[in-house]
Amino acid sequence: MSELFDYDLFVIGAGSGGVRAARMAASKGKKVAVAEERYLGGTCVNVGCVPKKLFVYASQFPEQFHASKGFGWSQPGQSVLDWSILRDNKTAEIERLNGIYQSLIDNSGADLFDGRATVVGPQSVAVNGTTYSAKVILVATGGWPFIPEFPGSEHAVSSNEMFFLEQLPKTAVIVGGGYIAVEFAGILNGLGVETHLVYRGSNLLKSFDREMSDKITAGMRDKGVNIHLETQITSIEKNTDALLVNFASGQSMPADLVLYATGRIANTDGLGLDKAGIGLRKDGSIVVDDHFRTSQPSIYALGDVIDRVQLTPVAIQEAMVLVDYLYGAGEAFIDYDNIPTAVFCQPEFGTVGLSEEAALESFDNIAVYTSDFKPMLQTLGGGSDRISMKLIVDKATDNVIGCHMVGEHAAEIIQGIGIAVKAGATKADFDATVGIHPSAAEEFVTMREPTR
Ligand SMILES: Cc1cc2nc3c(=O)[nH]c(=O)nc-3n(C[C@H](O)[C@H](O)[C@H](O)COP(=O)(O)OP(=O)(O)OC[C@H]3O[C@@H](n4cnc5c(N)ncnc54)[C@H](O)[C@@H]3O)c2cc1C
């Protein structure tokens with residue numbers, strides 16, 4: 001460690017990116033501090049990916065109970081959800097993970113400060129009333145849900161509160177068309193809540209392949225979600241026992257809960273970045289260069305707070321690249337192309353590479369292969385689910401440039417296909433791969449004739 005500084009690296013925020021950076025830097029013999037003001041593990045562990053996926057599992061049981069009948073199972077009595085058991089078991093599991101994060105940090109040798117940190121200079125951080133000097137400061141403070149202000153907006157909750165509800169509502173209105181909105185629509189609907197998804201745009205998940213987003217919309221409707229597109233809320237009124245949601249059309253709807261999933265903004269407010277002369281975008285996110293350096297050479301930032309790709313594995317990879325740049329060979333890199341991702345809506349969606357719309361813009365000549373079929377589980381199970389798959393191929397090179405799937409296990413399947421796409425696999429490589437039978441995934445290697 002430099003004698004001039006208390007720390008080689010001071011990390012603000014113990015979320016996905018911050019913890020990985022702190023541990024990796026400490027493992028390289030650096031003196032590291034991490035400050036966390038709320039919860040170890042950050043958004044993903046506490047109010048994001050992990051509790052969300054647990055709730056998705058919970059919400060899928062009614063369909064499984066239903067499907068089991070066609071396979072000969074009967075269930076004496078009615079299946080009833082006890083929300084408090086689900087919520088509290090989830091919280092206990094998250095607390096277990098918080099403990100694991102605590103051990104990871106402790107065992108790495110980094111110092112952990114339990115408190116809110118602020119940047120008080122290019123190489124100084126204040127936390128719990130003490131100022132520490134650091135050769136390098138890393139801002140990994142993540143993001144926070146954004147609810148626009150309008151009459152009654154104080155009655156709406158964000159995704160943060162959804163994980164700790166006292167009671168499950170009977171009727172819920174979810175506002176938004178992004179992945180968090182559609183995921184919560186699936187969760188609440190599956191848990192038996194009358195669910196209304198309200199979005200001002202004309203199609204959900206608009207940054208993804210349009211054909212796939214239309215299939216998801218249809219699938220969600222089939223499962224019972226009430227989807228109101230091109231619909232805007234003007235106000236929310238609170239009556240004695242319910243909320244009244246008023247729409248621009250003049251119509252109103254009573255609801256027990258209104259969830260706004262209308263985006264997230266970078267957590268930079270009051271962080272002191274202005275004092276360190278750091279450039280922010282209008283939305284508060286931090287501008288960084290290819291090495292995650294801000295406009296102040298001793299201060300770096302990564303993860304959701306730089307607003308590139310707001311995903312946990314991306315924040316983690318950025319952290320590893322940064323530590324390699326600062327303390328290693330400097331050879332690690334992150335390529336933001338072909339990042340596989342999933343939306344845990346119901347039906348589930350997995351995707352890697354370009355949408356058909358983006359491919360048409362970037363390539364002169366593409367071939368599109370599609371397949372839509374009933375999954376085997378449904379043959380005896382009797383549900384309405386289907387599986388849709390799509391491959392997009394650049395005809396000039398035969399490279400598969402986009403791969404999308406709606407339906408059961410889409411996330412698991414696309415993770416594997418993501419390796420092939422990342423490695424530059426051609427359609428001929430897909431065709432030469434022997435399928436696994438009987439599986440849904442085998443369809444990806446048996447689509448012979450292009451649809452268009
Ligand atoms: C509902 C929901 C579902 C999601 N689902 C997925 C998913 O399925 N897959 C996926 O890949 N991603 C998902 N994400 C996104 C994922 O959670 C984020 O991309 C990821 O957590 C970003 O990591 P980060 O390190 O940048 O920030 P965070 O994990 O948000 O960590 C930032 C940490 O900094 C702390 N902090 C902030 N300011 C200060 C301060 N001044 N002093 C001290 N500490 C501070 C915060 O308390 C927080 O713990 C989801 C997000 C949400 C909200």
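Biologist: Let me begin with two residues: are Asp209 and Lys390 buried or exposed?

Modeller: Before I answer, please keep in mind that this is a predicted model, in which local features need pLDDT of at least 70 and side-chain atom pairs count only at pLDDT 80 or more, while totals for chains, interfaces and linings use all residues. Residues are numbered from 1 along each chain as its sequence is written, and side-chain values use heavy atoms, with hydrogens and water left out. A residue is called buried under 20% relative accessible area, exposed over 50%, and partly exposed in between, with a 1.4 Å probe and protein chains only. By that scale Asp209 is buried, and Lys390 is buried as well.

Biologist: With what does Asp209 form a salt bridge?

Modeller: A salt bridge here is a side-chain nitrogen of Lys or Arg within 4 Å of a carboxyl oxygen of Asp or Glu. Asp209 forms one with Lys390, where the closest N and O atoms are 2.9 Å apart. This pair links distant parts of the chain, since Asp209 sits in the loop between β9 (194-198) and α7 (210-222) and Lys390 in strand β20 (residues 387-394), 181 residues apart. These labels come from DSSP runs, numbered from the N terminus: helices are H or I with at least four residues, and strands are E with at least two.

Biologist: Which residues are linked with this pair in a network of salt bridges?

Modeller: The network joins Asp209, Glu211, Glu356, Lys390 and Arg452. Let us look at Glu356, which is placed in helix α9 (residues 356-362) and counts as buried because its relative accessibility is 10%. If contact means heavy atoms within 4.5 Å, and residues up to four places away in sequence are not counted, Glu356 touches Asp209, Glu211, Ile366, Val368, Lys390, Ile392 and Arg452.

Biologist: How many salt bridges are there by this rule?

Modeller: The count comes to 20 salt bridges. One of them joins Lys223 and Asp385, with the closest N and O atoms 2.6 Å apart. Lys223 lies in the loop between α7 and β10 (226-228), and Asp385 in the loop between α10 (376-381) and β20, so this pair ties together parts that are 162 residues apart in sequence. Lys223 is buried, at a relative accessible area of 17%. In another case the side chains of Arg87 and Asp88 meet at 2.9 Å, N to O; here Arg87 counts as buried at 13% relative accessibility, whereas Asp88 is partly exposed at 41%.

Biologist: Now for the sheets: in what order do the strands of the open five-stranded sheet lie?

Modeller: In general, strands of a sheet pair through backbone hydrogen bonds, either parallel or antiparallel. Two strands are taken as paired if DSSP finds at least two bridges between them. The sheet of five strands has the order β17-β18-β21-β20-β19, and its pairing is antiparallel. Its edge strands, each pairing on one side only, are β17 (341-343) and β19 (366-373). Between β17 and strand β18 (residues 349-353) there are three bridges, and Thr341 stands opposite Thr351 in β18.

Biologist: Which strands form the edges of the open sheet of three strands?

Modeller: That sheet has the order β11-β12-β13 with antiparallel pairing, and its edges are β11 (233-238) and β13 (252-255). Strand β12 (residues 243-247) is joined to β13 by four bridges, with Leu243 opposite Ala255.

Biologist: Why is strand β1 described as largely enclosed?

Modeller: Six of the six residues of β1 (residues 7-12) are buried, so the strand is largely enclosed by the rest of the structure. In the parallel sense, β1 pairs with strand β6 (residues 130-139) over five bridges and with strand β2 (residues 32-36) over four. Val11 stands opposite Leu138 in β6, while the bridge partner of Leu9 in β2 is Val32.
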